[in-house]
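I opened my notebook for a look through this one. Here is what I looked up, entry by entry.

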Amino acid sequence: MKLQATRKAERAVGTNKEAGSKEPRSQRKRMRRHFRGYIKNRSQSCKERSSSWQEIESRPLHVVLGNEACDLDSMVSALTLAFYLAKTTEAEEVFVPVLNIKRSELPLRGDSVFFLQKIHIPESLLIFRDEIDLHALHQAGQLTLILVDHHALPRSDAALEEAVAEVIDHRPIEQKCCPPCHVSVELVGSCATLVTERILQGAPEILDRQTAALLHGTIILDCVNMDLKIGRATLKDKNCVEKLEALFPDLPERSDIFDSLQKAKFDVSGLTTEQMLRKDQKTISRQGIKMVISAIYMDLEAFLQRSGLIADLRAFCQAHSCDVLVAMTIFFNTHNEPVRHLAIFCPHAALRMTICGVLERSSSPSLNLTPAPSIHPNLQAYLQGNTQIFRKKLLPLLQEALSAYSDSKATPSGQHETAGVSGEQVDKELDGAGALLFPRLSQDEEEPSLPPTPMNSLVDECPLDQGLPKLSAEAIFEKCSQISLSQSTTSSVSKK
């Protein structure tokens, strides 16, 4: 049985070991020595400490998994928490941060790509969801999951719920959806704040400048440069940023890092309409009615004037099998204030009118909507007067609208299927929206967030559709050691 489980685990992480064999043996051994940055007190290389790679592959993997939106907050929270756990765990446990998207989706997250380059973390060292089979590891009894920046898994991952050992999130918890494990939830502006607090309280000595810079920039972006008027930053966010700055006085000025990340995040030049809609989307559903909510980083007028827009919206809905598409446009004016507008595309008149009616009549919260000139009968656009209502706060209203429409149609009693949310990408950010099995709103950084979370169309298909996993167990360890080496190198350079 043990041999069978080991073989399953080997298949889960792939069997191709060419990646490790391409480098000189001395370099690989040097990499493994640096792996102690991820596994505390590892004084010998992985191969020296075990008789074979099969022995390593038989150990359980502790995977730190962000949400399906995989915005900057989700990505950084996974990377830094895995780093902290590896540094502070006594036993030789293996902690692996996994980005919950396909590798091919990373280019859509401009701020994440920019920040990784700025902090000197090569994308090649990262592990993505389509490169590791979590279900196979779980079936082999070798998987422990730690969820960051979300607390519920999508229905496609429902079988993994029993593997969840811990949750760290900054969104309100839906008790019926949260795994039965240790849960740390606090309503702060950024999940990275909670990770920072944990590191500062548990082992502040492990912080290096590279890790501090990742956390510092992410919190500042999520909290819109700590602007109290925006209402995103809390006292804990503010305190964590100040503590990081006190420990590392040479961290970039807040306004500088915010402006550069914001610019990278909102840079949609060269993207097609379909890519813009996928960049930061979330999905919810009720009684078989599916709605996609996409954050669009540009002015509403400019978005509506895009060539072939209606045809693109129609094609997107068909490709993603959704009945309604809500585009939430956002850009910042010359005073660095957010400007938010809405556009609802829906070919079904009754459904569209129900949704618009709920949004227009809402008083708690009030959106202060003003209808904008329509360019097509199936599209209703609005200027949003209340700019403090971002996607996370709008989701409950949209769910209410879907429920109202379902009730009006006297749909036979059926289970509410709420895919959850996909795409934290606009606030990494979302509260768990309804989903029965595993609904989850994963992106809380509404202002500046990226892709989806729970039932994100980005992840509707199986991550393995592209073929068998490409990473061997050795390759995973090599990546971890290289990340650690990269951190060590950057840290030593900065000290000089």
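Entry 1: Is Arg171 buried or exposed? I was working on a predicted model, and there Arg171 comes out buried, because its relative accessible area is 0% and the cut-off for buried is under 20%. Next I looked for its partner and found Asp169, with the closest N and O atoms of the salt bridge 3.0 Å apart. Asp169 is buried too, with a relative accessible area of 0%.

**Entry 2: around Asp169.** I placed Asp169 in strand 4. Leaving out residues up to four places away in sequence, I listed what Asp169 touches: Asp149, His150, His151, Ser184, Val185, Glu186, Cys191 and Leu194. A polar atom of the Asp169 side chain also lies 3.4 Å from the backbone nitrogen of His150. For Asp169 and Leu187, 18 residues apart along the chain, I noted a C-alpha separation of 8.1 Å.

**Entry 3: Asp149.** Asp149 is buried, at a relative accessible area of 0%. Which side chain does the side chain of Asp149 make a polar contact with? I found His170, at 2.9 Å.

**Entry 4: helix 9.** Cys191 and Leu194 are among the buried residues of helix 9, so I turned there because nine of its twelve residues count as buried, that is, under 20% relative accessible area. The helix runs over residues 191-202 and reaches 17 Å from first C-alpha to last, close to the 16 Å expected. What do its buried residues pack against? I wrote down helix 6, strand 3, strand 4, helix 10 and helix 11.

Entry 5: My search of the whole structure gave 15 salt bridges. One of interest is Lys236 with Glu197, where the closest N and O atoms are 2.7 Å apart. This pair links distant parts of the chain, since Lys236 is in helix 11 and Glu197 in helix 9, 39 residues apart. I then checked Asp280 and Arg391, whose side chains meet in a salt bridge at 2.6 Å, N to O. Here the partners are 111 residues apart, with Asp280 in the loop between helix 13 and strand 6 and Arg391 in helix 17. Asp280 is buried at 0% relative accessibility, and Arg391 is buried with a relative accessible area of 1%. I also noted a network in which salt bridges with shared partners join Glu105, Glu274 and Arg278.

Entry 6: In what order do the six strands of the open sheet run? I read 6-7-8-9-11-10, with mixed pairing. Strand 6 and strand 10 are the edges, each pairing on one side only. Direction ignored, neighbouring strands of this sheet are turned by 20° against each other on average. Strand 10 pairs with strand 11 in the antiparallel sense over five bridges, and Ala372 stands opposite Ala381 in strand 11.

**Entry 7: Leu313.** I finished in helix 15, where Leu313 has its place. Leu313 counts as buried, at 3% relative accessibility. Not counting residues up to four places away in sequence, Leu313 touches Leu277, Phe303, Leu325, Phe345 and Leu379. Leu313 and Cys346 are 33 residues apart in sequence and 9.4 Å apart in space, C-alpha to C-alpha.

Conventions
Residues numbered from 1 in each chain as written. Predicted model: local features only at pLDDT ≥ 70, side-chain atom pairs only at ≥ 80, totals over all residues. Heavy atoms only, no water. Helix = DSSP H or I, 4+ residues; strand = E, 2+ residues; numbered from the N terminus. Expected span 1.5 Å × (residues − 1). Buried < 20%, exposed > 50% of the residue type's maximum accessible area, 1.4 Å probe, protein only. Contact = heavy atoms within 4.5 Å. Polar contact = N/O pair within 3.5 Å; in protein donor to acceptor, adjacent residues only side chain to side chain. Pairing = 2+ DSSP bridges. Axes fitted to C-alpha atoms, helices over the stretch in contact; angles between N-to-C directions. Salt bridge = Lys/Arg side-chain N within 4 Å of Asp/Glu carboxyl O.
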